[in-house]
Amino acid sequence: MWSPAHRRPEFQAAAPGHLFLTYIHLSQGSPQLVPGSLWMPCKMSPFGSWGLPATLLTLFCCPGSGEMFEVYMHPEQLALEPGETQFINCSTSCAQPDVSGLETTLSKTLIAQGTQWKQYMVSNASQDTIIHCYVTCSGKQKLKSLNVNVFYRPKQVLLKLQPPWVAVGESFTIECCVPTVAPLKSLTLTLLRGKEAMYNKTFRMMTPDPQEATVTHNVTAHKEDGRHNFSCRADLDLRSHGGGLISRISEPQMLKVYEPIPDNQMVVIITVVSVLLFLFVTSILLCFAFGQHWRLRRMGTYGVQGA
């Protein structure tokens with residue numbers, strides 16, 4: 001404990017050629033130890049007659065370490081869903097802060113506190129915002145800021161195969177849709193065939209508002225495609241915003257793949273159809289001819305006689 005008795009310089013005797021130390025009490029900060037050589041006569045001091053004034057000026061211009069302090073926040077980054085609550089710690093290295101607190105547009109509640117820290121609960125985030133932790137120590141104020149990113153997790157991932165039936169060698173379309181998600185810049189949609197990634201798309205849109213995300217990919221059908229499930233995985237990566245990796249996958253779907261009919265079989269089918277059509281037309285003509293012949297014979301037998 002620093003007592004008033006220490007406010008007077010206390011000189012200590014020293015052997016010739018040795019240095020001695022003395023205390024100088026300043027208006028601010030802790031007592032400082034000053035080499036005794038600075039109190040020597042002008043001819044012994046390296047600064048001459050300016051030794052003591054120069055030392056005092058240096059000490060007054062460089063405040064004690066008690067005035068230097070830092071402000072901390074935990075977590076340093078924060079990702080919140082709408083309506084979610086989160087605890088935030090605001091602390092400082094100042095031993096006796098004058099004032100400290102949390103400045104935010106969100107709903108806040110002070111949960112616990114100590115001399116150098118306070119814990120708050122924040123909630124009701126609807127859009128991206130910034131939270132400030134402020135501390136005043138010895139009349140000097142410092143701020144620490146925290147970015148809050150609001151996100152909407154992908155709750156639905158919808159997959160569609162068009163057409164559901166396709167021949168080998170023909171193309172089909174895979175479409176994946178996430179109705180409501182944000183932020184899009186953190187979203188990646190991956191199209192899967194079994195466990196194999198066929199195609200992926202990362203969105204670069206900067207808008208924070210929830211939107212629909214869609215990806216479409218055209219694929220040529222192979223025979224083995226009919227033996228695999230197709231699906232779509234949505235990954236919302238919030239690790240750079242203080243969150244985690246949120247993933248959701250669609251319901252798997254099967255593609256019906258069939259072999260195209262060979263050309264020789266097509267020729268046979270066309271020939272058979274042509275023959276059947278010819279026979280059908282021929283039978284119609286023969287029926288018509290026989291009908292006319294029968295009608296003429298009947299009219300000849302019962303002809304009309306003259307008056």
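Reply: Leu-80 stands opposite Val-150 in S10, in a parallel pairing where three bridges join strand S4 (residues 78–80) to strand S10 (residues 140–150). The model is a predicted one, in which local features need pLDDT of at least 70 and side-chain atom pairs count only at pLDDT 80 or more, while totals for chains, interfaces and linings use all residues. Residues are numbered from 1 along each chain as its sequence is written, and side-chain values use heavy atoms, with hydrogens and water left out. A strand here is a DSSP run of E with at least two residues, numbered from the N terminus, and two strands pair if DSSP finds at least two bridges between them.

On S10 there is also an antiparallel pairing, with nine bridges to strand S9 (residues 129–137), and within that pairing Ile-130 stands opposite Asn-147. S9 and S10 form a hairpin with two residues between them, and Ser-138 in the turn has a positive phi of about 55 degrees.

Because Cys-90 lies in strand S5 (residues 86–92) and Cys-133 in strand S9, the pair ties together parts that are 43 residues apart in sequence. Cys-90, at 5% relative accessibility, counts as buried (under 20% relative accessible area, with exposed over 50% and partly exposed in between, for a 1.4 Å probe and protein chains only), and Cys-133 is buried at 0%.

Cys-94 and Cys-137 form a disulfide as well, with their sulfur atoms 2.1 Å apart, and the torsion about their S-S bond is about 70 degrees, so this disulfide is right-handed. Cys-94 lies in the loop between S5 and strand S6 (99–103) and Cys-137 in S9, so this pair ties together parts that are 43 residues apart in sequence; both cysteines are buried.

A further disulfide joins Cys-176 to Cys-232, with 2.0 Å from S to S, and at -80 degrees about the S-S bond it is left-handed. It links distant parts of the chain, with Cys-176 in strand S13 (residues 171–181) and Cys-232 in strand S17 (residues 229–237), 56 residues apart.

Conventions: Helices (H or I, at least four residues) and strands (E, at least two) are DSSP runs, numbered from the N terminus. A disulfide is a pair of cysteine sulfur atoms within 2.5 Å.
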